[in-house]
Amino acid sequence: MTDRAANEENHAFPHPPVYRFTSGIYQDYQALERASKDLLKQHYPRYSRFGTPMTDAVEHEITRLEGGYGSLSTCSGLAAITSVLMTFLRPGDHILLTRTVYEPVHRFVSTFLHQLGITATFLTSAEFSHCDDYLTDKTRLIYIESPSSNIFEVTDIGAVAVQARQKGIMTVMDNTWSTPVLFNPLQHGIDVVIHSASKYLAGHSDAVVGIITTTEQYYAPIRQYLMNAGICAGGEESSSLYKGLKTLTTRLKNQRETAHRLIAFLLAHPAVETVISPHLTSHPDHETYRKYYQYSNGLFSFSVRNTSSTRRDAFLSQFRTVKLAYGWGGVDSCLIPFTPSYTSNDDPEWLFFRVSVGLEDGDILIAEFSSALSKL
Ligand SMILES: *Cc1c(COP(=O)(O)O)cnc(C)c1O
């Protein structure tokens, strides 16, 4: 089938097909030659590691949602992050990062980047508002995750972008919490945006996949890195992501509303010590959040007094609908214990849990939390 016939046929179906292939087939020598010369996204070499009709469709849609120049798919959110860092950092460089960044990023920076002679300073959201104070003449890149993992520190993105641009330092943001529906970093001066699409974007806990969206300046270097390092996304995962995007806004709205109900219940419960969400006025970064956000998502954390491991286990054993699981952003509610990374060691007094609200009926979730909390 010619390209045109394939394209025309695709218009008759709601989803792009998943082509299963390694090498694509060229019609003639000229087509082959054209592809081998164009390493960007026009006539790229027909080998599925360099892209497929499915990854192209996903990238096109995320680019539209984020308002960027182009997007690039990776096999995971973490691979998207490490690829961007590896594309631009060189021995001797210094970077600034969010203190409460997704933990594997912290580990990558303090092990592998450290071995390459790249130094890092981790900042709180408050420190980021005067990040000028932490820049050195070696600072090459600023990496922000906001709202950050588990405790949702919100960084003043606009303030950081202005300071970085003045000094010619590139900015990278992990926008996984927000999805392109709640916040678009490129519109606030950020250069490169990363999503773990494994969370809300794919949204059904069935795919690990990542995506990078950039301004024009940074697109080609990242594309070159991914092609040379062999980092790509699978067709099935990209297909899950493509379908997930169609319901993203509706899922987020529903999950946010249920989360608000559950948060109100927890705030009124005597066994609950704190609820952590940037949407609450009690959150230290609530004002910064208000500056950039209209809506939150279905994610929040809470703490209870740690009376005994027996009671903790009894508490957890009450959950049926809510699963004990690390992932978040799916249609199934789940919770996971965590240790806030700003305390040095396990604080024995409090137990912290992060909750990701799914699409179940809110009454069922509240009933489950109610019965679990009665065991504490
Ligand atoms: C899960 C997560 C990642 C990593 O994504 P994977 O797709 O699991 O590799 C990166 N950043 C944040 C904020 C995450 O929650």
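First, the ground rules. Residues are numbered from 1 along each chain as its sequence is written, and side-chain values use heavy atoms, with hydrogens and water left out. Because this is a predicted model, local features need pLDDT of at least 70 and side-chain atom pairs count only at pLDDT 80 or more, while totals for chains, interfaces and linings use all residues.

Let me start with the ligand. How many residues surround the ligand? There are 14, and the closest are Gly77, Asp174, Ser196, Ser198 and Lys199. A residue counts as near if one of its heavy atoms lies within 4 Å of the molecule. By class, the shell divides into six nonpolar, five polar and three charged residues. Helix H4, residues 77-88, gives the largest share of the shell, three residues. Helices here are DSSP runs of H or I with at least four residues, strands are runs of E with at least two, and both are numbered from the N terminus.

Now the polar contacts, meaning pairs of N or O atoms within 3.5 Å; within protein, one must be able to donate a hydrogen and the other to accept it, and residues adjacent in sequence count only if both atoms are side-chain atoms. A polar backbone atom of glycine 77 is 2.8 Å from a ligand oxygen. Serine 196 places a polar side-chain atom 2.8 Å from an oxygen of the ligand. For serine 198, the distance from a side-chain N or O atom to a ligand oxygen is 2.5 Å. On its own the ligand exposes 380 Å², and the protein buries 90% of that. Those areas come from the Shrake-Rupley method with a 1.4 Å probe; for residues, only the protein chains shown count as cover.

Staying with serine 198: this residue sits in the loop between strand E6 (192-196) and strand E7 (210-214). Is serine 198 buried or exposed? It is buried, with a relative accessible area of 16%; buried means under 20%, exposed over 50%, and partly exposed in between, with a 1.4 Å probe and protein chains only. Serine 240 is 42 residues away from serine 198 along the chain, and their C-alpha atoms are separated by 9.5 Å.

Next, the stretch around serine 146. Glutamate 145 belongs to strand E4, residues 139-145, and is buried at 5%. Serine 146 lies in the loop between E4 and helix H7 (157-167) and is buried at 2%. A polar side-chain atom of serine 146 is 2.9 Å from the backbone nitrogen of threonine 155. The peptide bond joining serine 146 and proline 147 is cis, with omega about -15°. Proline 147 is in the loop between E4 and H7.

Last, two backbone angles. Which residues other than glycine have a positive phi? Threonine 179 is one of them, with phi near 60°, and serine 205 is another, with phi near 55°. Threonine 179 lies in helix H8, residues 179-182, and counts as buried at 1% relative accessibility. Serine 205 lies in the loop between E6 and E7 and counts as exposed at 55%.

Key
Nonpolar A, V, L, I, M, F, W, Y, C, P; charged D, E, K, R; others polar.
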